[in-house]
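Good morning, and thank you for coming.

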Amino acid sequence: MNKIVVFCGSSIGFNPVYRQAAVELGNYFVNNNICLVYGGGKLGMMGILADTILDQNGEVIGVIPKLLEKEEVVHAGVEEMIVCKKMSERKVIMSKLIDGYITLPGGFGTLDELFEALTLGQLQIEQKPIGLLNVNGFFDAILLQLDKMVEEGYLKQTNRNMLLVANSVDELLHKMNNYIAPEISPIINKVVR
């Protein structure tokens, strides 16, 4: 994979383990010549991840909506900054640029982006790997909810399996590099195509 989008918080959280995870992921990207595509911010997890890569002359592309293009938010060190009109347009632009998705801890926006990527995979609009770095068990409750959705008949196990989960960067990228998307459903094929 050459370009990966990372969804993560504009906050840093209270536990330094999350900051360390962003640094580790940034170092992995640099060491493996992977371009980071992200939300373009300088704050929180986003800022730490971008700074880690930029400090080592790695490649970073930011995609930020016009409403967030403010001096206190936008990362001035990112040379390639794509400014779009809306939050929804940001996700479309990111999707066209990248080979896969990774999610780090974050809030509502992070979860929104993760679940939109999963929905695109479920509808087989995309077949890109979607990784979740489950730092410090941050996503455990959400993973239990996904299992409950399968148990209650609201989510197919095949689609649940699209979300690649690991506790370490190396393990997650190994899973992503070996990902095989589910076969195209005849029903989805008729509806989407």
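Let me begin with a definition: a crossing of two helices is called right-handed if the near helix is turned clockwise from the far one by less than a right angle, and left-handed if it is turned anticlockwise. Please bear in mind that this is a predicted model.

With that term in hand, we may turn to helix H1, residues 16-31, which passes H2 in a right-handed crossing. Helix H2 comprises residues 44-54, and the two helices pack at an angle of about 35°, with their axes 8 Å apart. Which residues of H1 and H2 meet? From H1 they include Tyr18, Ala22, Leu25 and Phe29, and from H2 they include Met45, Ile48 and Leu49.

In soluble globular proteins, nonpolar side chains tend to be buried together. Here the largest nonpolar core has 55 residues, and those that touch the most other members are Val6, Leu25, Phe29, Leu36, Ile102 and Leu163. Helix H1 makes the greatest contribution to this core, with seven residues.

I come now to the aromatic rings. A pair of such rings is described by the distance of the centres and the angle of the planes. How many aromatic pairs are there? The count comes to three. One of them joins Phe7 and Tyr101, with 5.7 Å from centre to centre and 35° between the planes, and this pair is tilted. Phe7 belongs to strand E1 (residues 3-7) and Tyr101 to strand E5 (residues 100-103), so the pair links parts of the chain 94 residues apart. Both Phe7 and Tyr101 are buried.

Why is the pair of Tyr18 and Phe138 called edge-to-face? The ring centres are 5.6 Å apart and the planes stand at 75°, and the name applies because an angle over 60 degrees counts as edge-to-face. Tyr18 lies in helix H1, whereas Phe138 lies in the loop between strand E6 and helix H5, so the pair ties together parts 120 residues apart in sequence. Are these two residues buried or partly exposed? Tyr18 is buried, with a relative accessible area of 12%, whereas Phe138, at 34%, is partly exposed. Together with Phe139, these two residues form one aromatic cluster.

Conventions: Residues are numbered from 1 along each chain as its sequence is written. This is a predicted model: local features need pLDDT of at least 70, side-chain atom pairs count only at pLDDT 80 or more; totals for chains, interfaces and linings use all residues. Side-chain values use heavy atoms; hydrogens and water are left out. A nonpolar core is a set of buried Ala, Val, Leu, Ile, Met, Phe, Trp, Tyr and Cys residues joined through side-chain atoms within 4.5 Å. Buried means under 20% relative accessible area, exposed over 50%, partly exposed in between (1.4 Å probe, protein chains only). Helices (H or I, at least four residues) and strands (E, at least two) are DSSP runs, numbered from the N terminus. Rings of Phe, Tyr and Trp (its six-membered ring) pair if their centres lie within 6.5 Å; planes under 30 degrees apart count as stacked, over 60 as edge-to-face and the rest as tilted. Axes are lines fitted to C-alpha atoms, for helices over the stretch in contact, and angles run from 0 to 180 degrees between N-to-C directions. Contact means heavy atoms within 4.5 Å.
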